Amino acid sequence: MRAQERPLIACPQCDLLLREIELPPNGAACCCCCGATLYRNRPDSINRSLALALAAAMFYCVANAFPIIGINLQGSGNAVTLLQAVHDLWNQGMHLVAGLTFITSILVPALELGLLLYLLLPLYLGKVPVGVSPVMRLLQAIKPWGMVEVFMLGILVSLVKLVQDFRIIPGVALWSFGILTLLLAALASSFNPRDIWLQLDKDRDGVID
Amino acid sequence: MDWPGISAASQGYWSCHVCDLVSRPEPTDPQPRCPRCGTRLHQRRPDSLQRCWALLIASYIMYIPANLMIMMETGTLISYREDTIMSGVIHLWQSGNPGIAVIVFVASILVPLFKLLVLTLLLLSVRRGSTWKIRTRIQLYRIVELVGRWSMLDIFVLTILAALVQIQSMATVRAGTASIAFGMVVVLTMFAAMVFDPRLMWDQLRKRTGHE
């Protein structure tokens, strides 16, 4: 393809008008004016993202179903799952803090994984899911509010604070959260919204022809 | 920096913030939509500066109670203590966890302050039409977007501790009022960074250098 025919693109951070270039696998195109990353070329993005999203969904369920940490002090103890922790805090009257934790570490990650699976599973099977645009819009809007990795660091800081006064019983969910954090990071780097749009363009053009 | 290139806006092109498609809507269209994904198009984020100022001022106001009021109450059979964010960090340091103390200090004190100051600097520089160190400023903006979420750390620690440490009268942890203000600071500054449009800085540069 000649340079003239390649599609136009505008840098989202400085609005420089550019033409797209061909990228090598795993390459990224950066804006020559402000240095923002414009788009990436992730080989096999849909398959890999689907595999990672499925694995992440499984660990998400485990991480939410089992207690994260248990503590023990002279025979008395307590252990909580994430949802219980949010619920307890809500009952203590700290609605805003409980709400924030619920949204950022339970609701948004679940929604994100659910929407990704809704998009990727049909695409993997060669079909186009209904309502790609609203789903992509929603995914983009909620993305900054999924904070599993920050919550993981929160668990570690809590552990250090607790270990001085209590006997700690690490729960299954503790390990699951660790693995979930890694899987979500890998998913974020492999998922490439651009591939979804290109796939959609291809299918649409196919219908027109 | 004297050649910032040609902006899409100056050529009548609008880019979609969801699917990145660049299109050229009819100039008469009052509410252009992206031809690929149907998203409402904006050349610049709507009312970027006003919204950002409003959120930023609200964050500054909340930042004061967040730092002065009690973040966490810890009670055991023999002791009771109330900690603000800073006294909690100092307590961590003194009780032999300097590493964790530094992490909490960075996430809860440095990052929110850094966000407030950088956003103020960005807003003031756009308002003054400044072209000063534009590359440094855009890098600061990216750092603010990247690190903002990590301030939530203290909120999560509080959730875990306040829910877990409830062993009759032997040990209890309660969240203090500062946690509400602190949570507001984190959320408001995240929204402020989202509504700020970095393209406005480059528009100033293009205007100054007379390219547009």
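In this predicted model, strand β5 (residues 166–167) of chain B lies antiparallel to strand β6(B), and 2 bridges hold the pairing. One of the residue pairs that can be located here is Q166(B), whose bridge partner in β6(B) is T172(B). The two strands form a hairpin with 3 residues between them, where Q168(B) adopts a positive phi near 35 degrees.

Strand β6 of chain B spans residues 171–175. It also pairs with strand β3 (residues 72–76) of chain B, again in the antiparallel sense, through 5 bridges. Within that pairing, M72(B) has A175(B) of β6(B) as its bridge partner. How much of strand β6 of chain B is buried? The strand is mostly covered, since 4 of its 5 residues count as buried.

The contact draws 53 residues from chain B and 47 residues from chain A. On the side of chain B that touches chain A, at least two residues each are supplied by α3 (98–127), α5 (153–164), β5, β6, α6 (178–195) and α7 (199–208). By residue class, the side of chain B that touches chain A consists of 34 nonpolar, 14 polar and 5 charged residues.

Strand β3 (residues 28–30) of chain A runs antiparallel to strand β4 (residues 37–40) of chain A, and 3 bridges join them. A29(A) stands opposite Y39(A) in β4(A). Between β3(A) and β4(A) there are 6 residues, and G35(A) in the turn has a positive phi of about 85 degrees.

Finally, the confidence of the prediction deserves attention. Chain A has an average pLDDT of 90, and 96% of its residues score at least 70. Among the elements of chain A, helix α1 (residues 45–65) has the highest mean pLDDT, at 96, whereas helix α7 (residues 193–208) has the lowest, at 77. Where pLDDT is low, predicted coordinates should not be read in detail.

Note on methods
Residues numbered from 1 in each chain as written. Chains lettered and ligands numbered in written order. Predicted model: local features only at pLDDT ≥ 70, side-chain atom pairs only at ≥ 80, totals over all residues. pLDDT = per-residue confidence, 0-100. Buried ≥ 20, exposed ≤ 12 C-beta atoms within 10 Å, placed from the backbone. Pairing = 2+ DSSP bridges. Contact = placed C-beta atoms within 7 Å. Nonpolar A, V, L, I, M, F, W, Y, C, P; charged D, E, K, R; others polar.
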